[in-house]
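Subject: Structure handover, salt bridges

Hello,

Here is the structure we talked about. Please load it before reading on; my notes on charged pairs follow below.

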Amino acid sequence: SGEKMNYLATSKLNDEVIFYGSKADRDKAVQIGTHSNAKDEKEPSKRGEIYKNIALILISEGKIEEAKTAILDARKTNPEDTSLIISQADIYLKTNDMKTYETLIKEVLEKDPTNADLYYNLGVVSGQNNDNLNAEKYYTEAIRLQPEMANAYYNLAAIRIDEAQLLLDQMNKLGMSAADNKKYDGLKVKRDTILKDIVQLLEKTISIDKKNKDAKEVLLSVYKALEMKDKAKALDAELNK
């Protein structure tokens, strides 16, 4: 399944997060004073993702019932693996069986209502199915439970970027009349408000995950869109070091 515990600590020399093969090795580095901020992070099972991919192959071949059976058989073997329930729910979402999908999601949340990773995974599934409303809800809950979850902030920013793009598309379709100019100004205010939210989300992402180059590049483009010239200049210099 790939499920395991990762043992991490931060180097005092360069703030790099180091992964250790064992708790003993990590604790030793902390004890001698070269590293700090010891953390244990559980890496979840990949079993659900594997079965999900099998099911997606079957769905692409039109074998819907076989896909459902594959996940159901996997769940019988691993009844406590919530990733499999999420994958099962994903199948029903893709086949527009919303009633079964909602039943399965409720089952997942009842099993582990305080698991931030679980909410994050539900956010990913929702986002992949263009259900941004629920994706936003799940990412927000994941952050509430685990405030230092960088990927949740980053994915929330991606949802906001889609919203900003929709507004920009509307703005670009307007003409030059007085009425259109007034509408343009109103849409621009809404878009700028969303862009400012994106700035906060991406800055938080980078404060947690300092090596996230993708987040920095997106943030640079948002700085430019908001004409935040000083911040854009500083971030551009950092990216081009």
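A salt bridge here is a side-chain nitrogen of Lys or Arg within 4 Å of a carboxyl oxygen of Asp or Glu. Keep in mind that this is a predicted model. Side chains of opposite charge can pair when their charged atoms come close.

By that criterion, the whole structure holds 16 salt bridges. Three of them are worth a look.

Start with helix H9, which spans residues 178–208. Asp192 and Lys188 form a salt bridge there, with N to O at 2.9 Å. These two sit four residues apart in the helix, so about one helical turn separates them. Asp192 has a relative accessible area of 18%, so Asp192 is buried; the cut-off for buried is under 20%. Lys188 is at 37% and is partly exposed.

Arg26 is buried, because its relative accessibility is 3%.

Last, helix H4, residues 82–94. Asp90 pairs with Lys94 in a salt bridge, and their closest N and O atoms are 3.1 Å apart. The spacing is four residues, so the two are separated by about one helical turn. Asp90 is buried at 1% relative accessibility. Lys94 is partly exposed at 33%.

Best wishes

Conventions. Residues numbered from 1 in each chain as written. Predicted model: local features only at pLDDT ≥ 70, side-chain atom pairs only at ≥ 80, totals over all residues. Heavy atoms only, no water. Buried < 20%, exposed > 50% of the residue type's maximum accessible area, 1.4 Å probe, protein only.
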